[in-house]
Amino acid sequence: MTISAIETLAKQSRAAARQLAPASEAQRNAALAKMAEALVAVRAQVLAVNAEEVDAARAAGESAALLKRLSVDDNMFDYMLSRLKKVAQLPDPLNRILTGHTNPAGLRVYKKSVPLGVIGMIYESRPNVTTDAAGVCIKSGNAVILRGGSEALQTNAILTDAMVQGAVAAGLPQHAIQILRSPGHEAVGELLQMDRYIDVLIPRGGKSLIQRIAQGTRIPVIKHYDGICHLYLAADAEADKAVALAVNSKCQSVQVCNALETLLVDAECAAALLPLLHQAFTAQQIELRGCEQTLQLLPGVAAATEDDWSTEYLAPILSVKIVAGIQQAIDHINCYGSGHTDGIVTQSLSLARQFEEQVDSASVMINASTRLSGGGDYGLGSVVGISTDKLHVRGPVGPEGLTTYKWVAVGDGHLRE
């Protein structure tokens with residue numbers, strides 16, 4: 001029976017993961033430094049090839065949002081390098097004693113953190129995911145198989161080859177970082193059947209991609225579903241702070257998963273705040289879609305439909321709803337939200353605590369922009385995504401999120417009586 005190229009690649013990753021697991025923290029950090037050095041050496045090549053791929057995507061009629069996610073300029077390249085360096089500075093997520101005890105018979109038992117093994121990353125558009133995923137996986141002692149979108153195939157290949165060179169220079173196995181170069185869905189479909197070798201899949205992209213991956217494999221999937229993010233302006237919200245937080249949450253970068261999509265305004269402050277918010281969002285060229293009460297206060301605004309409350313726009317569009325108090329806001333979020341990031345603006349500790357306890361989301365922001373829910377601002381360095389799952393990891397997934405644990409029992413001839 002012929003072994004396919006995909007199975008060969010997966011087997012190589014499994015073998016590399018077993019070599020990588022016992023690598024010391026110093027060796028893994030040295031590999032991350034060498035990977036960054038190798039990327040610097042191919043910087044000009046990456047920028048040139050990426051510009052060609054962006055031009056091709058533009059000619060193919062791809063959206064402005066996709067083109068922005070696809071693009072690697074000098075600033076983005078510097079950002080990618082900085083993430084590798086930051087993840088190297090994080091505490092070692094491996095070999096931590098999570099709990100332990102010595103039983104009355106003298107048997108010493110403890111639970112320690114270990115790598116998951118082989119991570120499969122399947123993603124669209126963003127070449128920075130290539131470097132982020134490789135960095136997080138190496139830091140956490142995992143081998144990684146990368147499969148980016150065909151629109152960035154050459155950019156991702158150059159980035160990966162450079163990082164492999166750097167990792168090998170630090171003494172790590174050659175196949176600790178691999179990339180699936182075959183375009184099309186057939187190769188991905190075969191990769192999804194490699195449950196014998198791949199421990200976890202992490203899809204990054206649109207909801208349809210994630211559903212297709214989750215439904216087509218027996219491999220556990222860490223899902224990164226919609227970012228239908230809310231901000232609730234409580235009755236006591238300070239006007240200037242409320243407007244600034246709402247605008248930053250929506251406008252700082254509209255095409256990302258933690259951008260604001262629905263603004264909830266308490267009925268007690270709506271008359272005072274909505275005109276200010278309308279003015280601020282109009283200045284940022286954001287289209288507002290409001291509930292019936294919102295339209296009474298802002299007659300020129302488009303009417304929101306039922307679908308708007310459950311839509312991740314990833315665009316300069318924002319739905320606005322007036323709610324009768326915090327409980328109605330919480331109920332709306334738990335009904336329509338995606339469990340990603342939701343926030344409250346309030347001066348009340350009791351309201352903040354109620355919101356924190358009752359909103360079922362991976363990140364709850366109190367008087368802070370939804371755009372802050374990510375690896376960098378949470379001190380995680382690089383992340384491989386923001387999970388909307390609850391098992392086994394939730395929210396920004398950094399190196400610690402790609403570990404599991406094993407139990408160790410140390411005895412001296414101990415027997416079961």
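Mentor: Two strands pair if DSSP finds at least two bridges between them; strands (E, at least two residues) and helices (H or I, at least four) are DSSP runs numbered from the N terminus. This is a predicted model, with local features needing pLDDT of at least 70, side-chain atom pairs pLDDT 80 or more, and totals for chains, interfaces and linings using all residues. Residues are numbered from 1 along each chain as its sequence is written, and side-chain values use heavy atoms, without hydrogens and water.

Trainee: Which residue in E12 is the bridge partner of Tyr232?

Mentor: E7 (residues 229-233) pairs with E12 (residues 341-345) in the parallel sense, over four bridges. In E12, Tyr232 is bridged to Ile344.

Trainee: Which strands stand at the edges of the sheet?

Mentor: The sheet is open, has seven strands with parallel pairing, and runs in the order E10-E9-E11-E8-E7-E12-E13. An edge strand has a single partner, so one of its sides is left without a neighbour in the sheet; the two are E10 (302-303) and E13 (363-366).

Trainee: What angle does the direction of H14 make with that of E12?

Mentor: H14 (residues 349-358) packs on the sheet and touches E7, E12 and E13 (contact: heavy atoms within 4.5 Å). Its direction and that of E12 make about 165°.

Trainee: How are H2 and H7 oriented to each other?

Mentor: H2 (residues 25-41) and H7 (residues 153-169) have axes 7 Å apart and pack at about 140°. Among the contact residues are Met35 of H2 and Met163 of H7. Angles under 35 degrees count as roughly parallel, over 145 as roughly antiparallel, 65 to 115 as roughly perpendicular and the rest as oblique. H2 and H7 are therefore oblique.

Methods:
Axes fitted to C-alpha atoms, helices over the stretch in contact; angles between N-to-C directions.
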